[in-house]
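Q: I have this one open on my screen and would like to go through it with you. Can we take it piece by piece?

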Amino acid sequence: MARIVYAMLMSLDGYIAGPDGDIALPIPEGELHRHFNDMMGQTSIALCGRRMYEVMRFWDSPDRETGAEIERDFARAWRKTPKIVFSTTLREVGPNARLLNGDVENVVRSLKSEADGQITVAGADLAAHLARSGLIDEYRLYIHPVVLGGGKPYFQSGLSLTLKPLGKESLTQGVTLLRYAPAGF
């Protein structure tokens with residue numbers, strides 16, 4: 001059975017995107033980038049909401065093969081990882097991705113029971129839906145020492161969770177990783 005992990009970079013005040021909706025956090029470099037490369041390499045399936053998928057499509061571009069080695073490594077891991085995109089507005093998705101607009105909870109329950117390894121969730125709205133269904137096994141909050149003052153929060157408004165700490169790690173670029181599991185896990 002797979003474990004579902006919701007992991008995203010966020011600002012010190014809890015936002016994954018700025019007030020205008022774009023990603024306003026510093027871009028991971030060096031060791032922090034490698035950390036995310038490793039995480040993508042360990043991902044058996046990536047679950048994405050529409051907005052996050054559209055941001056991450058950047059890594060599908062052939063131009064990613066001409067960048068720095070660390071970026072090429074992430075692009076390869078991204079392309080290799082099967083993706084399921086939940087959207088009611090998209091009509092098509094890119095390579096190694098499947099578009100679904102049906103029953104998110106049942107699809108993810110089935111994936112979780114049939115797959116092995118780690119399934120990652122990208123996107124606050126999708127994560128909130130899965131959290132309400134009790135499907136997320138671990139929350140990874142990558143806290144960047146930046147204050148955005150508003151925007152898209154890591155935890156959706158109205159979501160109520162009781163979590164237990166799993167660990168804390170200091171990473172490069174001043175990022176602190178806080179790991180939690182649902183209290184009943």
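**Lysine, core and rings**

Q: Which residues is K83 in contact with, leaving aside its neighbours within four places in sequence?
A: K83 is in contact with A46, Y53, W78, P95, N96, A97 and R98, once neighbours within four places in sequence are set aside. Keep in mind that this is a predicted model.

Q: Where is K83 found?
A: K83 is found in strand β4, which covers residues 83-86.

Q: What is the nearest side chain of opposite charge to K83, and how far away is it?
A: That is D60, 5.1 Å away. K83 is buried but has no salt bridge, because a salt bridge needs the side-chain nitrogen within 4 Å of a carboxyl oxygen.

Q: What does the side chain of K83 reach, then?
A: The backbone oxygen of W78, at 2.5 Å.

Q: N96 was on that contact list. What about its phi?
A: Phi of N96 is near 60 degrees, a positive value, and N96 is not a glycine. Most residues other than glycine have a negative phi. N96 is found in the loop between β4 and β5 (97-100).

Q: Which other residue has a positive phi although it is not a glycine?
A: Q173 does, at about 65 degrees. Q173 is found in the loop between β9 and β10 (176-182) and is partly exposed, with a relative accessible area of 28%.

Q: Change of topic. In the largest nonpolar core, which residues touch the most other members?
A: Y6, L47 and L130, out of 44 residues in that core. Helix α5 (residues 124-132) gives the most to this core, with six residues. Apart from this core lies another, of 12 residues, with V5, L9, V175 and L177 among them.

Q: Which residues are buried in α5?
A: A124, L126, A127, A128, L130 and A131 are buried there. In soluble globular proteins, nonpolar side chains tend to be buried together.

Q: And what comes just after α5?
A: G134, which takes a positive phi of about 70 degrees.

Q: Back to Y6. What is it in contact with, leaving aside neighbours within four places in sequence?
A: I16, V121, G123, A124, A127, I136, E138, Y139, R140 and Y154.

Q: How many aromatic pairs does the structure hold?
A: Eight. In one of them, Y6 and Y154 are stacked, 4.3 Å centre to centre with 25 degrees between the planes. That pair links distant parts of the chain, 148 residues apart: Y6 is in strand β1, and Y154 is in the loop between β8 (152-153) and β9 (163-170).

Q: Are those two buried or exposed?
A: Y6 is buried, with a relative accessible area of 1%, and Y154 also counts as buried at 1%.

Q: Which residues do ring pairs link into a cluster?
A: Y6, Y139, Y154 and F155.

Q: What sort of pair do F58 and W59 form?
A: An edge-to-face one, 5.0 Å centre to centre and 90 degrees between the planes. F58 counts as partly exposed at 44% relative accessibility, whereas W59 is buried at 11%.

Q: Last one: what does the side chain of R3 join up with?
A: The side chain of E138, through a polar contact of 3.2 Å. R3 lies in strand β1 (residues 3-11) and counts as partly exposed at 30% relative accessibility.

Methods:
Residues numbered from 1 in each chain as written. Predicted model: local features only at pLDDT ≥ 70, side-chain atom pairs only at ≥ 80, totals over all residues. Heavy atoms only, no water. Helix = DSSP H or I, 4+ residues; strand = E, 2+ residues; numbered from the N terminus. Buried < 20%, exposed > 50% of the residue type's maximum accessible area, 1.4 Å probe, protein only. Lys, Arg positive; Asp, Glu negative; His and termini not counted. Polar contact = N/O pair within 3.5 Å; in protein donor to acceptor, adjacent residues only side chain to side chain. Contact = heavy atoms within 4.5 Å. Core = buried A, V, L, I, M, F, W, Y, C linked by side-chain atoms within 4.5 Å. Phe/Tyr/Trp six-rings, centres within 6.5 Å; stacked < 30°, edge-to-face > 60°.
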